[in-house]
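Dear colleague,

I am passing on the structure below, together with some notes on what was found in it. Please read them alongside the coordinates.

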Amino acid sequence: MQTKYEINDLKLYYGDFMALKGLNFSIPEKSITALIGPSGCGKSTFLRTLNRMNDMIAGTRVEGEILLSGDNIYAPSTDVEQLRKRVGMVFQQPNPFPKSIYENVAFGPRLHQKLDRKQLNEVVERSLRGASLWDEVKDDLNKNAMGLSGGQQQRLCIARALAVDPDVLLMDESTSALDPISTLKIEELAQELKEKYTIVMVTHNMHQAARVSDQTVFFLNGEVIEADQTGQLFSNPSDKRTEEYITGRFG
Ligand SMILES: Nc1ncnc2c1ncn2[C@@H]1O[C@H](COP(=O)(O)OP(=O)(O)OP(=O)(O)O)[C@@H](O)[C@H]1O
Ligand SMILES: [Mg+2]
């Protein structure tokens with residue numbers, strides 16, 4: 001498998017506080033990587049470094065490097081807007097815009113590309129199909145997205161991310177606000193999407209990490225304790241702290 005991200009001695013400070021303490025591991029492309037660990041250990045902080053969303057938080061400072069397909073995304077020459085197009089993000093709470101379903105998906109392409117109506121229709125359909133939502137909404141494209149269920153809204157947010165043709169999808173506890181059936185739908189969707197995209201997901205659900213991901217990274221206190229193939233990490237963790245966490249003895 002090709003490496004998508006290589007993380008070299010990554011440190012992140014919020015003011016004086018070191019939230020990521022020198023991380024070294026890599027994320028393979030076209031696969032699902034799960035980030036696990038107790039609350040406050042730095043999972044969301046790390047996820048935000050992958051598309052430089054942390055730039056928007058005042059007082060943050062990054063040291064070390066993150067190579068995305070070989071290029072350091074923290075190099076001064078990086079076009080951050082372009083980076084965020086390449087690396088889409090889906091959050092914990094579905095956050096559609098209070099606009100129509102169509103306009104939610106068309107938003108990014110309208111901003112970044114000059115498409116005529118027919119091309120835009122095609123992008124909207126392709127993205128909604130990609131997010132396994134098309135069949136449920138194809139007759140309601142002009143209805144307000146706020147009228148969809150939570151699970152549908154979350155798939156709409158995935159469609160919105162796919163519409164700008166990213167290579168990476170970041171998901172921060174993106175199923176934790178959903179019912180079990182919607183959760184399963186998103187897990188199945190992630191399995192399909194990994195054929196084309198690299199997916200990095202934060203989850204507090206050990207079953208989800210074990211079920212869905214190919215690699216798992218265990219964070220503790222701003223450090224990576226263990227990063228390995230999911231089967232290996234869950235069946236035979238190399239660090240005692242990993243074992244304690246995945247068996248629910250702490251965290
Ligand atoms: N904007 C911020 N300013 C200052 N400190 C922050 C900020 N965001 C996070 N932190 C601190 O950085 C550490 C890591 O937080 P982070 O949100 O990355 O944890 P997490 O693993 O995602 O936790 P959770 O599972 O609860 O979402 C915590 O100590 C937190 O208090
Ligand atoms: Mg978090």
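**Packing around helix α6**

Helix α3 (residues 101-112) and helix α6 (residues 150-162) have axes that come within 7 Å of each other and cross at roughly 30°. Because angles under 35 degrees count as roughly parallel, α3 and α6 are roughly parallel to each other. Please keep in mind throughout that this is a predicted model. The crossing in which α3 passes α6 is right-handed, and the residues that meet there are Ile101, Asn104 and Val105 from α3 with Leu156, Ala159 and Arg160 from α6. By class, the residues of this contact of α3 with α6 comprise 4 nonpolar, 1 polar and 1 charged.

Helix α4 (residues 117-130) also packs with α6, at an angle of about 130° and with the two axes 8 Å apart, which makes α4 oblique to α6. The crossing of α4 and α6 is again a right-handed one, and the contact brings Ser127, Leu128 and Gly130 of α4 together with Leu156, Ala159 and Leu162 of α6. The residues of the contact of α4 with α6 divide into 4 nonpolar and 2 polar, with no charged residue among them.

Sorted by class, the contact of α6 with α7 has 5 nonpolar, 3 polar and 2 charged residues.

**Surroundings of ligand 1**

Which residues are the closest to ligand 1? Of the 15 residues that surround ligand 1, the closest are Ser39, Gly40, Lys43, Thr45 and His204. For Lys43, an N or O atom of the side chain is 2.8 Å from an oxygen atom of ligand 1, and for Ser44 the corresponding side-chain N or O atom is likewise 2.8 Å from an oxygen atom of ligand 1. In the case of Thr45, the distance from a side-chain N or O atom to an oxygen atom of ligand 1 is 2.5 Å.

Technical notes. Residues numbered from 1 in each chain as written. Chains lettered and ligands numbered in written order. Predicted model: local features only at pLDDT ≥ 70, side-chain atom pairs only at ≥ 80, totals over all residues. Heavy atoms only, no water. Axes fitted to C-alpha atoms, helices over the stretch in contact; angles between N-to-C directions. Helix = DSSP H or I, 4+ residues; strand = E, 2+ residues; numbered from the N terminus. Parallel < 35°, antiparallel > 145°, perpendicular 65-115°, else oblique. Left-handed = near helix turned anticlockwise from the far one by under 90°. Contact = heavy atoms within 4.5 Å. Nonpolar A, V, L, I, M, F, W, Y, C, P; charged D, E, K, R; others polar. Near = heavy atom within 4 Å. Polar contact = N/O pair within 3.5 Å; in protein donor to acceptor, adjacent residues only side chain to side chain.
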